[in-house]
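Visitor: I'm new to this. Could you walk me through what I'm looking at?

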Amino acid sequence: MQYIFDYWPGLKPRLQAAKRILLCLDFDGTLTPIKPTPHEPKLERDIKLLLRRISQDKSFVVGIVSGRTLKDIKNRVDIKSLFFAGNHGLEIFYKNKKFIYPAAKKYVPIFKRISLSLKKHLKLFPGAILEDKGFSLSLHYRLVKKEEVHALKKIFLKIIEPYLARQKIKLTYGKKVWELKPPVEWDKGKAVVKLAEKFKAKDLFTLYIGDDVTDEDAFRAVNRIKGMSIRVGQKRASAAQYYLKSAQETKRLLEKIDELK
Ligand SMILES: [Mg+2]
């Protein structure tokens, strides 16, 4: 993994040579620092202006790929010229068209059921935040007392165990969050590849910036096509080719991308 700014002088001509650039960014931990609760993160004004300006250039297609619901991420970022992929790519919105990964729909009642069972127990764990996101479910434990996380995890695993055993759901461990997704062959990486294919540009260059476990699918996918994968935070086991030191540096990279035009 290489620090992107050390290599920028060499990377810049490659990006300038591309006819079109597909710029995909995760939201939490990438465009904004992670906050104690999922309700807090907001896009900094300067970053919003940068994203808007870059996306208005004809050679760029810019969008957000997030684990949040499509509705949430669209409202939170609120830039009309972007595309949005919510629920880890299961719902995509671009140019007033909405795509929902078909096989995901039938899992909505399962997440609802799990959510109802979990709710009964969560009163015992102040700080636990449950998000039923329709096509997925997240349980955040950042604010749960350290000594209680183990007990919470035990209950969580007990409730989801029958669904896991019958492969009705998939479990991933993010940053202080347990995430349940439908057991479908679809992830942030597949969503990014679908978008890249959709633009059908011959000289399309894809940039993906993310910070967490679910972004690894996108890093791997981008590494297989013409593109560049960038992780916020250096991590040896990551598939990303380059890294930024913190979410603050995403802005610095966006400024450099803005200068490419
Ligand atoms: Mg993230």
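Guide: Let's start with a term: donors are N, O and S atoms within 2.8 Å of the metal (3.2 Å for Na, K and Ca), and as water is not among the atoms, sites may look incomplete. This is a predicted model, where local features need pLDDT of at least 70 and side-chain atom pairs count only at pLDDT 80 or more, while totals for chains, interfaces and linings use all residues. Residues are numbered from 1 along each chain as its sequence is written, and side-chain values use heavy atoms, leaving out hydrogens and water.

Visitor: What makes Asp-26, Asp-28 and Asp-211 donors of the magnesium ion?

Guide: Their atoms (OD of Asp-26, O of Asp-28, OD of Asp-211) lie 2.1 Å from the ion, and the cut-off is 2.8 Å, so they count. Along the chain, the spacing reads D-x1-D-x182-D.

Visitor: How do you know whether Asp-26 is buried or exposed?

Guide: Buried means under 20% relative accessible area, exposed over 50%, and partly exposed in between (1.4 Å probe, protein chains only). Asp-26 has 5% relative accessibility, so Asp-26 is buried. Asp-28 has 22%, so Asp-28 is partly exposed.

Visitor: Why is the core said to lie between domain 1 and domain 2?

Guide: A nonpolar core is a set of buried Ala, Val, Leu, Ile, Met, Phe, Trp, Tyr and Cys residues joined through side-chain atoms within 4.5 Å. The largest one here has 47 residues, with Leu-139 among those with the most contacts inside it. Domain 1 (2–101 + 186–259) and domain 2 (105–181) both contribute residues, so this core sits between them. Those bounds come from an automatic or database domain assignment.
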